[in-house]
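Please keep the sequence and the 3D view open while reading the points below.

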Amino acid sequence: MIRDVLVLGGGSAGFLAALALKVKLPELGVTVVRSKEIGVIGVGEATTVALPRFLHGYLGFDPGDFYRRVETTWKLGIRFLWGRRPHFDYTFGYQLDWKWSNLPRCNGYYCADDFSYVDVPSALMSHDRAFVRLPDGTPHVTINHAYHIENEKFVGWLEAKAEELGVVARDEVVAEVLRDETGVAGLRLATGETCRADLYLDCSGFRSALLGGALGEPYTSFKTTLFNNRAVTGGWARTTEPTRPYTTAESMAAGWCWQIDHLDRINRGYVYSSDFITDEEAEREFRAKNPKVGSTRLIKFVTGRHHRSWVKNVVGIGNAAGFVEPLESTGLAVICDESRLLAELLLECDRTPTPSLIDGYNRIYAREWDNIRDFLGVHFKFNTRYDTPYWRACRETADIGHARAVVDFYQENGPSLYGKSNLLHNNDIFGMEGYLCLLVGQQVPYRARPAPTAQELRLWDGIKAENRVKALTGLTVEESFRAVTAPTFAWNMDIYK
Ligand SMILES: Cc1cc2nc3c(=O)[nH]c(=O)nc-3n(C[C@H](O)[C@H](O)[C@H](O)COP(=O)(O)OP(=O)(O)OC[C@H]3O[C@@H](n4cnc5c(N)ncnc54)[C@H](O)[C@@H]3O)c2cc1C
């Protein structure tokens, strides 16, 4: 029976996993060992809806306290400057996985030319509004949002929450990992002390000190799908720019550039492949696009996953287990899923995990990473915006794996919802909505269909006009932030369930 858990690493993975275990299994002893000198990666600023659901739904943490202390703002989706259109929006609402009862076809068929105002979040994005205004003037907070967070503030808050709940956090360097037939036998600290537990969580980031290092679990590279391996990042203090309630993903000559808006700062990062551009060229292109950027930071990474994340008495979570580039901000989403799955598994087996439960855990983990890889592949395979060696190579050679079946179905049938239940896994985090947004958004051609009638187009335009009206009277990010951080703001916690 697992009584004590030792977490190596105090980044977002280490503390989110520790919190999930402590909230759901309070009798467990949970210790986090991390070195403040080694520090955390310090990137990871945009999320998916998985994070608000996990923090406020699964763990039950008060959103008001979170906003006040982490100074979070909102992400309603991603605005892609991608493909032939000036831009398109992939929101957390339902744009294309939807059919109105008074229209004969589902939404995607009406978006061949104009793909805007299709749902309320996309209309809000077009007007830099975070939420629709309720009759009393307060924001109508729905679950169709994720967060923009500053990584270090976030990790600080997680650490404070963990300590409040009885997680022990130690600032130590692990100098050696002791091994035996059970896997890891203990972690020897630089002070000479040895810490032992029944289960070890490897949250040591790209070092993967336990799973990849001590246990030598093999690593599967995602390089045939995802070519990028570096990012140059930088930002500037906001002056007069409006605060955007979305992440921007902008195509670049050898990759793409994010923009993430915080209340007082704008951060950007160029994610590229060093096979196609040098670091100096990437920095030049990044600065030319973003003349206000101050100092920059170069981050190197490898995309892929370990074959298994649970091996003997070690479970890898976060960058220690797997990593894909941040185009869909999936890092924190996967950490939430892994942490929840681990806590639920330990509850299920009364803290005595069986080999078949562990195999199941590893299958779910592998499928989630592979689904993400293939979905990201669709972004690179069909982006026709640039004709550079990088983008030509993406279009010609990027392997989209399991996503091929979804793309083939779409090319034969158009943006139909018919394939939804048989082409995707139940736990695909993007769903048909994600695939259709990316395929329709990039104007990937499909077999010609009869054009919508004038009557259909009138109804369709009416729906979009209603979304636009709701957005125009919505609240800006600053107005929404002031409203939700007021102690009197009434939260509807049901939205997080
Ligand atoms: C360029 C880039 C952009 C990204 N953008 C996003 C994004 O927008 N959204 C998103 O969700 N994710 C993003 N990610 C992923 C993000 O980094 C991770 O989701 C997240 O921060 C988890 O990091 P971690 O906790 O696994 O590792 P880290 O933050 O690196 O933490 C590792 C921990 O291990 C400790 N440690 C390691 N070795 C030792 C040792 N020997 N002794 C003691 N302590 C040790 C360190 O001190 C640290 O506390 C991005 C990643 C990159 C590279």
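In this predicted model, strand β12 and strand β18 (residues 304-306) run antiparallel and are joined by three bridges.

**The three-stranded sheet**

- The sheet is open and is formed by three strands in the order β12-β18-β21, with antiparallel pairing.
- Because β12 (219-221) and β21 stand at the edges and each have a single partner strand, one side of each is left without a neighbour in the sheet.

**The hairpin of β4 and β5**

- Strand β4 (residues 77-81) is joined to β5 by four bridges, and the two strands run antiparallel.
- Six residues lie between β4 and β5 in the hairpin that they form, and in its turn Gly83 has a positive phi of about 75 degrees.
- In a regular strand, side chains alternate between the two faces of the sheet.
- In strand β5 (residues 88-91), Phe88 and Tyr90 point one way while Asp89 and Thr91 point the other way, and all of these residues are buried.
- Phe80 stands opposite Phe88, which belongs to β5.

**Aromatic rings**

- The structure holds 34 aromatic pairs.
- One of them joins Phe80 and Phe88, whose ring centres are 5.3 Å apart and whose planes are at 20 degrees, so this pair is stacked, planes under 30 degrees apart being counted in that class.
- Phe80 counts as buried, at 0% relative accessibility, and Phe88 likewise counts as buried at 0%.
- Tyr94 and Trp98 form an aromatic pair that is tilted, with 6.4 Å from centre to centre and 40 degrees between the planes.
- Trp98, at 36% relative accessibility, counts as partly exposed.
- One aromatic cluster is formed by Phe61, Phe66, Tyr67, Trp74, Phe131, Tyr147, Phe154, Trp157, Phe489 and Trp491.

**Cysteines without disulfides**

- A disulfide is a covalent bond between the sulfur atoms of two cysteines.
- The count of disulfides in this model is zero, where a pair of cysteine sulfur atoms would have to lie within 2.5 Å to be counted.
- The sulfur of Cys203 has its closest cysteine sulfur in Cys336, and because the two are 12 Å apart they are too far for a bond.
- Cys203 is buried, with a relative accessible area of 7%.
- For Cys437, the closest cysteine sulfur is in Cys111, and this sulfur is too far for a bond because it lies 8.6 Å away.
- Cys437 is also buried, with a relative accessible area of 0%.

**The cavity**

- The model has one cavity of 30 Å³ or more, and about 40 Å³ of space lies in the largest cavity.
- The residues that line the largest cavity are Gly318, Asn319, Gly322, Phe323, Val324, Thr330, Gly331, Ile335 and Trp369.
- Strand β21 (322-323) and helix α8 (331-348) each supply at least two residues of this lining, and β21 is also one of the edge strands of the sheet described above.
- The lining of the largest cavity divides into four nonpolar residues, five polar residues and no charged residues.

Conventions: Residues are numbered from 1 along each chain as its sequence is written. This is a predicted model: local features need pLDDT of at least 70, side-chain atom pairs count only at pLDDT 80 or more; totals for chains, interfaces and linings use all residues. Side-chain values use heavy atoms; hydrogens and water are left out. On a 1 Å grid over the protein atoms alone, a cavity is a set of points where a 1.4 Å probe fits but cannot get out, and a pocket is an open set with protein on both sides within 12 Å along at least five of seven lines; lining residues have an atom within 4 Å of a point. Grid points are joined across faces, edges and corners, and a volume is the space filled by probe spheres set on the points. Ala, Val, Leu, Ile, Met, Phe, Trp, Tyr, Cys and Pro count as nonpolar, Asp, Glu, Lys and Arg as charged, and the others, Gly among them, as polar. Buried means under 20% relative accessible area, exposed over 50%, partly exposed in between (1.4 Å probe, protein chains only). Two strands pair if DSSP finds at least two bridges between them. Rings of Phe, Tyr and Trp (its six-membered ring) pair if their centres lie within 6.5 Å; planes under 30 degrees apart count as stacked, over 60 as edge-to-face and the rest as tilted.
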